[in-house]
Amino acid sequence: MEFFEQLTRFLAQCQTENLKTSHFAGKLEGLKIKISFGKGNPARVPWIAFLAPGQHISNGIYPFYLFYKNQQLLVLAFGVSETLSPEIPWQQSGAETINSYFKRHGLGKPARYGGSFVFRVYEVADLDKQQVEADLREMLGIYKATLSGSITGPPQFDYQAFHQMALECGLQIDPELVLRFTAALIAKPFVILTGLSGAGKTRLAHAFAQWICETEDQICLVPVGADWTNREPLLGFPNALEPGQYVKPESGVVDLLISAEINADKPYFLILDEMNLSHVERYFADFLSGMESGEPIRLHNETAGGVPPRVRVTPNLFIVGTVNIDETTYMFSPKVLDRASVIEFSILKEEMQKFLKSGPIPAAGSLAGNGADGAEAFVAMARNSVPESPVRAQLSDELLALFEILKPAGAEFGYRSAAEILRFAGVIHQLGAKWPVQKVMDAALMQKLLPKIYGSRRKLEPVLKALGKRCLADPDLLDDYLAGKKDLLGPEEVYYPAALEKIRRIYRNLIDHGFASFAEA
């Protein structure tokens, strides 16, 4: 173990305005390294923390280096979370708090972290490598001894933990929607969130990314412009006036792609807000091709301003697009829909009542990094094969039947969609949800099959009716249901309730206007 070089690089960067951390190592002796130079503006006390599984900056204990800029002091400390009291106390004897140390040496009041305990203090101008390495080894030994018996194994990804924290931050969302969203991301890291404007699509995507990522450097939230006609807003371009220079987009997407390729075990998120304000194929074609083929995206042919000639859409890059449907937006092509899972948002009356009765919405900042312990497991699930679902055989039979129904409308699915539906079912099972085949198929219809439905009444009416009958225990009830003469009561009457309700909305649009699509229903 040697950490001295990383530490000197950290101290050098503390003297700059650079807040990036992706170029630092992510682990040391099985502990996660988390570094902060500040958020938005340089911090008065940058830090490096070493976190065991289950320990968080906001809730836990951890060894950490604190660099007090005003005093030019580096402190190796027994770190104690300030937000929540840690469940496990440090096993240190005779250590004084940083507050006490500063007062005793006439250093004034520490800018932050005064409640943590001093282990060693260094003058940054006179660091001795051997002493620093020996002190860190001793500190990590104390840390592991303190936590011995409390660490049961590598942390796992837990979508329910995110849902609970999201509720505490005022995000009104159904737990099954969270499960579908996270399982869809794992099954294929490209998800489109559609539905009512203001229903929380962007907030869900950003909240989840904040929760599972260590730093904001792993997230790009990019508002799509109505004037995007090529890939330059996302990927930049070589500077024709200055050969050898590359103009990176202000969105930060190129840096995100580079970092994702370097840090294969960390999740990175590209969130495209109002993705369909412009034609998706015009600005996003390179991504669509790269995520399927695995081939790199070519940026330029030569060395250009430190930007590599090629970047990849790696399996740890998760792309989430949000979509509103109105007269200012464009429809998605089958090429886009075939490569994504589509999750529709709606707001129930009960959810609106709960929202109206709730108090002020808490800031989502408390989500930041709280799920990062499970990030590596999340990425591993997305990258690797998943266990087969117990309902795979039944699901395969149902998919074959649906293939025959959709074929007359030209909306039949290919091998890619079938494989992703089976993988989605496996992920649902792996995440611990005991969904029967009807529930898996209902979600698959909504996410992968129905979104490709569009066309005229002559083309769609027989297909919608065939699909609707497949959703019902008694197909003879379909006409009454589509006409609004009957409300279905329970699971004994309907196999796929969400899909059937969506089919009814599409059908009504079809009858009223002679043309309908998934997005507009």
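**Notebook: salt bridges, a helix pair and some local features**

I began with a search of the whole structure, which is a predicted model, and the search returned 27 salt bridges.

I then looked up single pairs. K27 is bridged to E376, with 2.9 Å between the closest N and O atoms; K27 sits in strand 1 and E376 in helix 12 (residues 375–383), so that I note a link between distant parts of the chain, 349 residues apart. I find K27 partly exposed at 47% relative accessibility, and E376 partly exposed as well, at 34%.

Next I turned to K439 and E176, whose side chains form a salt bridge at 2.3 Å, N to O. K439 belongs to helix 15 and E176 to helix 5 (residues 175–187), and the two are 263 residues apart. I record K439 as partly exposed, with 31% relative accessibility, and E176 as partly exposed, with 34%.

Are K266 and E214, a further pair, buried or exposed? Both are buried, and their side chains meet in a salt bridge of 3.9 Å, N to O.

I went back to helix 15 (residues 437–449) for its packing against helix 18 (residues 497–513): the angle is about 35 degrees and the axes are 7 Å apart. From helix 15, D442, L445 and M446 make the contact, and they meet P497, A498, A499 and K502 of helix 18. Sorting this contact by class, I have 5 nonpolar residues, 2 charged ones and no polar ones.

For the backbone, I looked up residues other than glycine with positive phi. E29 has a phi near 50 degrees; I place E29 in the loop between strand 1 (27–28) and strand 2 (31–36), where it is partly exposed, with a relative accessible area of 40%. Y113 has a phi of about 65 degrees and lies in the loop between helix 2 (98–104) and strand 6 (117–123). Y113 counts as buried because its relative accessibility is 12%, under the 20% limit.

My last entry concerns the surface, where L196, I347, M352 and L356 form a nonpolar patch with about 370 Å² of accessible area together. Of these I followed M352, which lies in helix 11 (residues 349–357) and is partly exposed, at 35% relative accessible area.

Notes
Residues are numbered from 1 along each chain as its sequence is written. This is a predicted model: local features need pLDDT of at least 70, side-chain atom pairs count only at pLDDT 80 or more; totals for chains, interfaces and linings use all residues. Side-chain values use heavy atoms; hydrogens and water are left out. Patches are made of residues with over 30% relative accessible area and no salt bridge: like charges are joined within 9 Å, nonpolar side chains (Val, Leu, Ile, Met, Phe, Trp, Tyr) within 5 Å. Accessible areas come from the Shrake-Rupley method with a 1.4 Å probe; for residues, only the protein chains shown count as cover. A salt bridge is a side-chain nitrogen of Lys or Arg within 4 Å of a carboxyl oxygen of Asp or Glu. Helices (H or I, at least four residues) and strands (E, at least two) are DSSP runs, numbered from the N terminus. Buried means under 20% relative accessible area, exposed over 50%, partly exposed in between (1.4 Å probe, protein chains only). Axes are lines fitted to C-alpha atoms, for helices over the stretch in contact, and angles run from 0 to 180 degrees between N-to-C directions. Contact means heavy atoms within 4.5 Å. Ala, Val, Leu, Ile, Met, Phe, Trp, Tyr, Cys and Pro count as nonpolar, Asp, Glu, Lys and Arg as charged, and the others, Gly among them, as polar.
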